[in-house]
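Hello,

Here is the structure I promised to pass on to you. Please have a look at it first, and then read on for what turned up.

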Amino acid sequence: MKKTITVIILLSIAVLVLINILNTEEEYYNLKLEELKQEYAIKPVSSINHSLLPELQREFSTPQEVTETCISCHTERHKEVMNSAHWNWERVSYVEGRGVAAAGKKNVLNNFCLGAQSNELSCAKCHIGYGMTNDHYDFNNARNVDCMVCHDNSDLYLKGSASAGYPDRTVNLTLVAQSVGTPEKINCGSCHFYSGGGNNVKHGDLEVALLACDRDVDVHMAANGMDMSCVACHTGENHQLKGRLYSVSSTNTNRATCEQCHTATPHFDDILNRHNAKVSCQACHIPEYAKVNPTKMSWYWSDAGKLRDGEPYEEFSSDSTQEYMSIKGTFTWAKNVKPDYMWFNGTADHYLLGDTIKSVPVQMNTLFGSHNDRDSKIIPVKIHRGDQIYDKKYNTLIQPKLFAESKGDSAYWKDFDWETAVAAGMERVGLPYSGEYGFVKTEMYWPVNHMVAPKEKAVSCAECHTRSDEGRLASLAGFYLPGRDYNKPLDFFGSFLFFGALIAVFIHAAFRVIISLRRKEYDANVIDYENNKPE
Amino acid sequence: MKRVYVYKGFERFWHWTQASLIIFLAFTGFEVHGTFHVLGFEHAARFHRVASWMLISLIIFAIFWHVVTGEWRQYIPTTKKLLAQIRFYSIGMFKGEKHPTKKTEVKKLNPLQRLVYLGFKLVLVPVTVISGIIYMFHKTIDRNDIVMVSDFSLETVAFWHTLGAFLLMVFLVVHVYMTTTGHTPTSNIQAMITGYEDLEDDAEESEQQEVS
Ligand code: HEM
């Protein structure tokens, strides 16, 4: 019996050892990745030093003069710029269920500062042009293209607040013009980090900390890592920047993807590679966002307008995030946020000015996708929730006039009167207003693409492949996920059979033991009897 | 009693390797399934796949062996004495009756074993292994490095695979227990290890052989 057990144990151990040998989990030198690192370690060096150009040795009294000077050498570039969404604030594209439509900052709403219309003076701070004060902006005037906001390498350029996109008056235009070059992180960041009225308000994964962060925050942009700039991935061939931001974009084209460098099969392990058919790289490699500074998670406009002694005020929470502002309402913020997960195929729809509300919460942007759609993958998203003003009777969201320079100009941020702000805003966008407003719940979806973690920190298998309600994909339905899903009746039936068999076997064995004990006694008697007989 | 060489070398190797592989696959498989957590999902899934390839190779060898040696004939089902065998396990053995069938070199399996093992080989293992292979190839990477997802429902495949796994476990329990019903509780197991077993040789034997 002992031998029996040893042999079985030895065989089993042999099997286990073999399994371990055949299982190749350990690390190899990743040549593909090293090549990429080599490639991106070499930072682009400009072939020209603008500070030496005679054309730029002069005073500029207006920023338009700078633009004219740029165009005098770069004779065609402004045309490229004027074809871009950065300039036009809209793109025409086909949208499922809507048809061909133009969408962009001109006509979408969001659930942060709601919309740019009627607030251009302030919002145009992030337009790559000068002088957008209202909706009569001339998008054909090349003189108004702001070259410097993207190409300034001196860190001195600054757009003025409430200046319709003009630079701050303190900016030395000559110095800036002489130090232009490839866009750096801060060029993009000056708008994209601060969208929504403060650092990291909107995105959650794009914020000022990325200017100098470590690899734990972002492997690509880390100062102690590859220190890549935005345009390393968001390449700007002919000023058409690669990348889609689905708060305004609609199509699955010209996206900046991880695959463009890493290929669709970047892992040594094919089990991981195969995930890529349905799971985006980001889903596993961005375990959390807002790793350094908090991001806004909700914004309730319905609370706005409370005044103290007739004056607006702000309240801060213990971690010094704004909790309340009379002009904006109540907020919540969060840091190190686990993303939500959604199916997404790269196409999106948006709430456009004038749309009727079909469901509540209103989806400010709808990300299309489902498991059965072959273009769809699971992506991480930040969901920003809130409520905002809408027309109760016409069932449309309202574009209120928020900003003005002084009181009495119907701007909510000065007068705190929704009635006049709504009337002024809706008149400007040319939509009817019934006179009855209320607040409706809204949601907005922000795909999370930055703050890629080092691979050791990627989401582990069991964080999704788990029956736990805490699983990252616990609420993403419509498909079979091993480890999360199982057939309940089958499990019940199977366990019943298994344990039933165990019990049956034990009962059978018990009977055998009892009976054999009895028989042994009997046998013993017989033997005794027989042994005794000869005596 | 006669000491007979019943189980050939390959047969014993195959039997024990298959046994440990199936137990290991069940262990890792049910961890993947979410029944318990020991190795962690990641290791369980990886080990399960490696072990499954080993089982597949082993099965290919075993099929070859069965065909070449003609041992497959051992599993041709018969109804003769089937009921007697069932009666023996449920009643007879408690009364101290003898096995209704004789085990011999050329006829190692009693009618009940034939039926159950045939089911094991033709239904249970194929259902589990084939569904497992389909499970494994649900997603593949084609020559253009594009990940292809097959159209079949993973849920259905997982259902059959899990069903097979449960039934294999039931088989395991009953099978292990039944090995203790030989001449002595360990005689069958020892036979599967050494290859030799003490078998009765009496006059009935020749008659028995004609059955199949
Ligand atoms: C050659 C044989 C086998 C193959 C190819 C195979 C393959 C697989 C695969 C691919 C999975 C999904 C997990 C993953 O993707 O890594 C799986 C799951 C599983 N396997 Fe196997 N397997 C085999 C044999 C077995 C055996 C013998 C058992 C049990 C006795 C078993 C029990 C399970 C269970 C319970 C699951 C979980 C199913 C679920 O919850 O979806 N497998 N198997």
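Let me start with one residue: the side chains of Glu80(A) and His239(A) are joined by a polar contact of 2.9 Å. A polar contact here is a pair of N or O atoms within 3.5 Å; within protein, one must be able to donate a hydrogen and the other to accept it, and residues adjacent in sequence count only if both atoms are side-chain atoms.

Before going further, a word on the source: this is a predicted model, in which local features need pLDDT of at least 70 and side-chain atom pairs count only at pLDDT 80 or more, while totals for chains, interfaces and linings use all residues. Residues are numbered from 1 along each chain as its sequence is written, chains are lettered from A and ligands numbered from 1 in the order in which they are written, and side-chain values use heavy atoms, with hydrogens and water left out.

Back to Glu80(A), which sits in helix H4 (residues 77-81) of chain A; helices (H or I, at least four residues) and strands (E, at least two) are DSSP runs, numbered from the N terminus. Its side chain also makes a polar contact of 2.9 Å with the side chain of Arg77(A). Leaving aside neighbours within four places in sequence, Glu80(A) is in contact (heavy atoms within 4.5 Å) with Asn238(A), His239(A) and Gln240(A). Glu237(A) is 157 residues away from Glu80(A) in sequence, yet their C-alpha atoms are 9.6 Å apart.

Now to the two chains. In all, 50 residues of chain B are in contact with 49 residues of chain A. The area buried between them is about 4,600 Å², with carbon and sulfur atoms giving 74%; buried area is the accessible area (1.4 Å probe) that two parts lose on being put together, summed over both. On the chain B side, Arg46(B), Phe94(B) and Tyr177(B) lose the most area to chain A, together 15% of what that side buries.

Arg46(B) also forms a salt bridge with Asp269(A), their closest N and O atoms being 2.1 Å apart. The count between the two chains is one such bridge, defined as a side-chain nitrogen of Lys or Arg within 4 Å of a carboxyl oxygen of Asp or Glu. Across this interface there are 11 residue pairs in polar contact, both residues at pLDDT 80 or more. H5(B) supplies the largest share of the chain B side that touches chain A, 13 residues.

Happy exploring!
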